Amino acid sequence: MKKLIPTIAAVALMACNGAQHNQNQSSQDSNPSAETSVSAPQPTPHQPVFVLSDQFGSKFLLQSQFQDGANPTADDSLKCYKYAIYNGKPFPVTFKGVQLENEEKNTSRDTYRNFDNLPGWIYTMNNGKLLENPKDEWDGIWDAPLLVDSCFVAENQILPFQEKSVVTPAMKTALEKKFSRKIQSLPSSSSFGNNGEYQMVNVQFKNKGTEALGVSALFLNGEILAVKEFPAEWNEESVWRVDDMGEFRGLYVDLATVNNNVLIIYTANSGAEGCDYDQYIIKDSAFFQGTINASFYQAPE
């Protein structure tokens, strides 16, 4: 998995309808189906970005590349990020400034152990920390918080997650009928919404010859609302992700919001060498790729 680091564009500080802040990184070692890219229903004043957390959940790094010997000056727009959203809850943060690369120790891995060696911009929790127990310093950072401004919190309804998620026989039958294939496995499912009305189900179908198919299916009240297909060529070692050994994982929903009656989900797609994060707008019974994404490289050192 190739590592891509977000670049920070210089933008002027504006009010709630102001400039956007882009995180330009998107690289998956999966084989996603073709899809149309659309923007979120509201222009987000300062576009949310996925950030790395330290092993305690008290510091966050918005990665950026700096020119050698440069003395980076923080753009005012960086100070507009006020919250880190984690486990569906916004936590107040404060911008602290630049962190320069430790070239001697930087392993180019997005891991807790390497956090202090990576270049970028640092934010800290206003109070406490996200993680009750610190992560192992050797672990990869698999659960990236989303850094947002005050407008995002004001304009988006964050949907709660439910403790239980049961895939019913009727749901399985609906998927098999839709794709004309028998299900091989159901790697995961999760429910969210005020009444648990939404359910993300990841399913791996039995191969047709060398044609493998994984699907992330979004249900609403037990009915298929939208699907994202992951077709791939079978080879028993790396099918959808590097070294996945032919086991499909699919999309894990990190955050779900509603804005202007439009459902938006923020997903993680993890593998042996890293994790890809994406925003999807659910519209017209389909997944539409949003403009917010990140790809973190976490292969073992």
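User: How many cavities does the structure hold, and what makes a space a cavity?

Analyst: In this predicted model, the structure holds 2 cavities of 30 Å³ or more. A space is called a cavity because a 1.4 Å probe fits there but cannot get out. The largest cavity has about 60 Å³ of space, and about 40 Å³ lies in the second largest cavity.

User: Which residues lie nearest the centre of the largest cavity, and how does its lining divide by class?

Analyst: The largest cavity is lined by 10 residues, with W240, R241, F248, G250 and N269 nearest its centre. Its lining divides into 3 nonpolar, 3 polar and 4 charged residues.

User: Why do S53, G57, Y86, Y112, L130, L131, D143 and P145 count as lining the second largest cavity?

Analyst: They line the second largest cavity because each has an atom within 4 Å of one of its points. By class, this lining has 5 nonpolar, 2 polar and 1 charged residues.

User: What makes a space a pocket, and what volume does the largest pocket have?

Analyst: A pocket is an open set of points, whereas the probe cannot get out of a cavity. The largest pocket has a volume of about 300 Å³, and among the 18 residues that line this pocket, Y86, N87, G88, Y252 and D254 are the closest to its centre. Two or more residues of the lining come from each of β4 (81-86), β13 (252-259) and β14 (262-270), and β13 gives the most, with 4 residues.

Terms used. Residues numbered from 1 in each chain as written. Predicted model: local features only at pLDDT ≥ 70, side-chain atom pairs only at ≥ 80, totals over all residues. Heavy atoms only, no water. 1 Å grid on protein atoms, 1.4 Å probe; cavity = no way out; pocket = protein on both sides within 12 Å on 5 of 7 lines; lining within 4 Å. Points joined across faces, edges and corners; volume = space filled by probe spheres on them. Nonpolar A, V, L, I, M, F, W, Y, C, P; charged D, E, K, R; others polar.
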